[in-house]
Amino acid sequence: MVFAELLDKAGGAGLFQVLQVLTLILPSILMPSQMLLENFVAATPDHRCWAHMLDNGSEAPANLTPEALLRVSIPLGPSHRPHPCRRFRQPQWQLLDSNTTATNWSKAATEPCVDGWVYDRSTFTSTIVAEWELVCDNQGLKALAQSIFMAGILVGSMAWGLLSHRRFGRKLMLTWCMLQVALAGTSTVSAPNFLVYCGLRFLSAVGMAGIIMASAVLAVEWTVSRQRAVTMTTLGCSYSAGQMTLGGLAFALRDWRDLQLTVSTPFFAFFLISWWLPESACWLMVMGKPDQALQELKKVARINGHREAEKTLTVEVLMSSMEEEMASAKAHRSVFNLFRVPELRWRACSLFLVNFFLMISYYGLVLDLQNLGSDIFLLQVLFGAVDIVARVTTVFLFRFFGRRMTLASFQTLAGLCILANMLVPQDMQTLRVVFAVLGKGCFGIILNCMIIYKPELFPTSLRMTTDGFLQSAGRLGAVIGPLIRMTCQAVPLLPPILYGTAPIVASLIILLFLPETQGLPLPDTIEDLKNQRSAAARANRQKVVIKENTYF
């Protein structure tokens, strides 16, 4: 915990921290555009089978209207609209008789859409669903594309967590991942088929995982404890603003290639801008690189105007201040210490389950906009707006309830909103949107809590590795979330029940197995965690004694 004192000397809350947050905000604004892109580029437009008489003008009788031709060519589906997946083998002329009902047809008289589909292009001029015909028997491929993207983030979380721990640190990983997202994202517009599209999205997702992890850890490790919640909330609000931005961009750009290119090209600029960021001095010290750590601390001190710190900070000061922490880090640097040390094992396993259940539910909600309302552009903007309000509220909630209770209570509330929405009929769209937006607001608070809470539970030497491990758990849930939605055709109530109960189970795990960390400095070593636990136990005993004395 001595590094917090060194950071105070260099300036733990000054101009550098402002510039760092502004730099990290830029990619954060476009992160939702990558994560939630399939809501728009993979939107399913209204569609029906291509029919010879209806869509081949030379075969259409001149005395019949398009409505009449549609009636005799395409049967009605379950929603009393033209069936999206079947057509009549032969024109059903008897349906033109006013005494014959349009539903009076047998499946034997129909056939699948062997000649393709006709799509309604009034909302989107082009989507990957229409381009590669991901409808009817192939509609599961849309959810598969979402799961492949989440699988990329899963792989990226595991890979970058391990690589940053030993070799690359935070800054180099962040810079490379910016470039990777830019290259893979812009290349996606040239994808000739669905398989190549999924492959490029997978590579983009691997890069996104690194950006998410490195941004959060860099912000936490360069910020003093008293400003950490505000810093992370600011980054969280930029992500929320990005959700609103995505709604606006998708409304303006109705062709999926235009939208894909627009949200990917700026990462080339972010790649160039990110080079000025310093590496985490905390990580450099723990990894036994005091000379580089000193350079970075002096750079921060210079930007923050702490001239005296530039003179007083020396390698000898750093070595003597963090001698114990560096020795402890060398002794406990193995990733397997997450499971060897009981304190870390309980925390890592508990958060693994919490992240897993949380992301199953979160992506089950945010990647299903078409099922929540007719205007998905407005709904995306509403999701972003309520997310900003929720994240700002988190700072005030922490003051009254702390990290642990805030996180657990809003997990439960989010689950109840999803379960309540399950009981609302489809035709009551306004009420369904209200419950969805309220649930999304709860998730905004939860995600902001997690960003702040997770780094406070683990020592510096294992923080990035742990974050990769926990990100992997969350992304595994994100992979499964869209796949669960594929079961709705067989068991309609199963997805909402699973999405609703998952965060409630996560809240119980938090209350049973995780400690409160509010007001505590970031732990540098495993010994710091043990000292925190001892200090918390002493504080609790003192409270009990005070209450007993007051009573008597």
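## Helix 19 against helix 23

In this predicted model, helix 19 crosses helix 23 with a left-handed sense. Helix 19 covers residues 342-366 and helix 23 covers residues 494-513; their axes sit 8 Å apart, at an angle of about 160°. Anything over 145 degrees counts as roughly antiparallel, and helix 19 and helix 23 therefore run roughly antiparallel to each other.

Who does the touching? On the helix 19 side, it's Trp346, Ser350, Leu353, Val354, Phe357, Ile360, Ser361 and Gly364. Helix 23 answers with Tyr499, Ala502, Pro503, Val505, Ala506, Ile509, Ile510 and Phe513. As for the spacing in lists like these, an α-helix has 3.6 residues a turn, so residues three or four places apart point the same way.

## Helix 2 against helix 12

Another left-handed crossing turns up where helix 2 passes helix 12. Here helix 2 (residues 15-35) and helix 12 (residues 266-273) pack with axes 10 Å apart, at an angle of about 155°. That angle makes the two helices roughly antiparallel.

Helix 2 brings Thr23, Leu26, Pro27, Leu30 and Gln34 to the contact, while helix 12 brings Pro266, Phe267, Phe270 and Ile273.

Now for helix 20, residues 376-422. If its 47 residues formed a straight helix, it would span 69 Å at 1.5 Å a residue, yet its end C-alpha atoms are only 19 Å apart.

Mean pLDDT for the protein comes out at 80, with 84% of residues at 70 or more.

Terms used:
Residues numbered from 1 in each chain as written. Predicted model: local features only at pLDDT ≥ 70, side-chain atom pairs only at ≥ 80, totals over all residues. Heavy atoms only, no water. Helix = DSSP H or I, 4+ residues; strand = E, 2+ residues; numbered from the N terminus. Expected span 1.5 Å × (residues − 1). pLDDT = per-residue confidence, 0-100. Axes fitted to C-alpha atoms, helices over the stretch in contact; angles between N-to-C directions. Parallel < 35°, antiparallel > 145°, perpendicular 65-115°, else oblique. Left-handed = near helix turned anticlockwise from the far one by under 90°. Contact = heavy atoms within 4.5 Å.
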